[in-house]
Amino acid sequence: MEWTKEIVDGLQVMFMAMLPVIELRGAIPLGIAKGFSHMGALFWAYTGSMIPVPFILILIRPITNWLRQTSLFRSLVERIENKTLKKGSGTVKKYGLLGLLIFVAIPLPGTGVWSGSLLASLLNYRFKYAFPAVAIGNLIAGFLILALSYGVLHIIS
């Protein structure tokens, strides 16, 4: 029954990585804590963190346009959009898709696949260009988090 535990643990890591803010930055250390190898932790976390990306890139504009029409959500939508544009639009506008890749790759709070996908959508980047930039940036972030996680674990041990 060892394989069932591994799948359950992997799904936990994957679902953790799907959450905004946490993403793979929090899911990779969880995978390591559950005993996954470097690549196992990265696999589950990366897979989970990429699941929301197509939905955000394709659906966020119609959803936010609809929510903006309601008095209840208008200010929340505008606040989130303004915060996202303020945080990343300078770099992304200056460097284009490379800037988007870098924005997603830097493992800092407020960056990542959720923010990067929202930013790409707000800047009207086409899916076929934005998705690979987000995917590669996320993979770079994953390797950076792996390096930090294992480096910290070796220092503590």
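Which hand, left or right, does the crossing of α2 and α3 have? The views below come from a predicted model in which local features need pLDDT of at least 70 and side-chain atom pairs count only at pLDDT 80 or more, while totals for chains, interfaces and linings use all residues. Residues are numbered from 1 along each chain as its sequence is written, and side-chain values use heavy atoms, with hydrogens and water left out.

**View A. Packing of α2 against α3.** The crossing of α2 and α3 is right-handed (the near helix is turned clockwise from the far one by less than a right angle; anticlockwise is left-handed). Helices are DSSP runs of H or I with at least four residues, numbered from the N terminus. The axes of α2 and α3 (residues 38–50) come within 8 Å and cross at roughly 150°; axes are lines fitted to C-alpha atoms over the stretch in contact, and angles run from 0 to 180 degrees between N-to-C directions. The two helices α2 and α3 are therefore roughly antiparallel to each other (angles over 145 degrees). Leu-24, Ala-27, Ile-28, Gly-31 and Ile-32 of α2 meet Ala-41, Leu-42, Ala-45, Tyr-46 and Ser-49 of α3, contact meaning heavy atoms within 4.5 Å. This contact has eight nonpolar, two polar and no charged residues; Ala, Val, Leu, Ile, Met, Phe, Trp, Tyr, Cys and Pro count as nonpolar, Asp, Glu, Lys and Arg as charged, and the others, Gly among them, as polar.

**View B. Packing of α4 against α5.** The axes of α4 and α5 come within 8 Å and cross at roughly 135°. Thr-64, Leu-67 and Arg-68 of α4 make the contact with Arg-74, Val-77, Glu-78 and Glu-81 of α5. By class, the residues of this contact are two nonpolar, one polar and four charged.

**View C. Packing of α6 against α7.** With axes 8 Å apart, α6 (residues 97–105) and α7 pack at an angle of about 155°. α6 and α7 are therefore roughly antiparallel to each other, and α6 passes α7 in a right-handed crossing. On α6 the contact involves Leu-100, Phe-103 and Val-104, and on α7 Val-113, Ser-115, Gly-116, Leu-119 and Ala-120. Six of these residues are nonpolar, two polar and none charged.

**View D. The largest pocket.** About 680 Å³ of space lies in the largest pocket (an open set of points on a 1 Å grid over the protein atoms alone, where a 1.4 Å probe fits, with protein on both sides within 12 Å along at least five of seven lines; lining residues have an atom within 4 Å of a point). The volume is the space filled by probe spheres set on the points, which are joined across faces, edges and corners. Of its 24 lining residues, Ile-80, Thr-84, Trp-114, Ser-115 and Leu-118 are the closest to the centre. Two or more lining residues come from each of α2 (23–33), α4 (52–68), α5 (74–95) and α7 (113–122), and α5 gives the most, with seven. The lining has 14 nonpolar, five polar and five charged residues.

Conventions: Angles under 35 degrees count as roughly parallel, over 145 as roughly antiparallel, 65 to 115 as roughly perpendicular and the rest as oblique.
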